[in-house]
Amino acid sequence: MEPGVCNRANMLVCRLWTAVSRALFAEFLATGLYVFFGVGSVLKWPSALPSVLQIAITFNLATATAVQVTWKASGAHANPAVTLAFLVGSHISLPRAVAYVAAQLAGATVGAALLYGVTPGDIRGTLGINMVHNSSSTGQAVTVEVILTLQLVLCIFASTDNRQALGSPAAMIGTSVALGHLIGVYFTGCSMNPARSFGPAVIIGKFTVHWTLAERLAILMGTTEVEKVGVESQKKESRSSSGDAEMGSHYAAQAGLELSILPSQPPE
């Protein structure tokens, strides 16, 4: 191979590596910023407990900032769900999608670790991990998260379409994230982003609502809910039967005590 061809090939490889490494660092940085500022807004300080509006606005601003800083370098996915949607839509290749997701999860973990390190121990709590709140069932929580993530992905596709969008899509994507939090906080704390849920869970070491593929399929098929209902009904029946037995023994003992203290009468 001629020296000129080798030099051009090396330059092409260097440029490709520079572009890829820049994109991966952008995804790492964007997700880390999003998790640090967003999750930081849900921490419960005694002097000022966070409101839903405060959380929504903070996630809005964190998203807009992350997108504005990194969208030209990587597209500012900062979300494995968005990367998966771009992969399904044939906007990125599979190796690039896998690398993006790895960078996002690493950035989320570092952002959560940094937040954990600078937060006082009595304030950290569960570090804002996503949980099913109130009386919502698992199926309801999953449905809400799917709807919220869907509207976010649709907004990102529309905002980054060169045929429709002009300038940075940061404001519109941030608004979509805020919209999701105004509703989703009441159900799950609002994730819409697997990396946002993953980072704090890694630092705290609590993966209660992080399901395996088999568990997700079971929930979609409805078998998990049936099993839970069956187990809970069995527990209730066992508790009621044990309670009845204890109540019966209590009444029997009381009756025996009353008979023992009655005066004995001679037979007629």
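I started with the largest nonpolar core, which has 34 residues in this predicted model. A core here is a set of buried Ala, Val, Leu, Ile, Met, Phe, Trp, Tyr and Cys residues joined through side-chain atoms within 4.5 Å; buried means under 20% relative accessible area with a 1.4 Å probe, protein chains only. Tyr34, Val35, Phe59, Leu152, Ile156, Val177 and Met192 have the most contacts inside it. Two or more residues each come from α1 (3–40), α2, α3 (80–88), α4 (94–118), α6 (138–159) and α7. I noted that α2 gives the most, 6 residues. Helices are DSSP runs of H or I, at least four residues, numbered from the N terminus.

Housekeeping: residues are numbered from 1 along each chain as its sequence is written, and side-chain values use heavy atoms, with hydrogens and water left out. For this predicted model, local features need pLDDT of at least 70, side-chain atom pairs count only at pLDDT 80 or more, and totals for chains, interfaces and linings use all residues.

Next I looked at α2 (residues 52–74) against α7 (residues 170–184): their axes (lines fitted to C-alpha atoms over the stretch in contact, angles 0 to 180 degrees between N-to-C directions) come within 8 Å and cross at roughly 155°. That makes α2 roughly antiparallel to α7 (over 145 degrees). Contact means heavy atoms within 4.5 Å, and the residues making it include Phe59 and Thr63 of α2 and Ile173, Gly174 and Val177 of α7.

Then I checked Thr63 in α2. Thr63 is buried, at 7% relative accessible area. Beyond its neighbours within four places in sequence, Thr63 touches Tyr34, Ile173, Gly174 and Val177.

Terms used
Angles under 35 degrees count as roughly parallel, over 145 as roughly antiparallel, 65 to 115 as roughly perpendicular and the rest as oblique. Buried means under 20% relative accessible area, exposed over 50%, partly exposed in between (1.4 Å probe, protein chains only).
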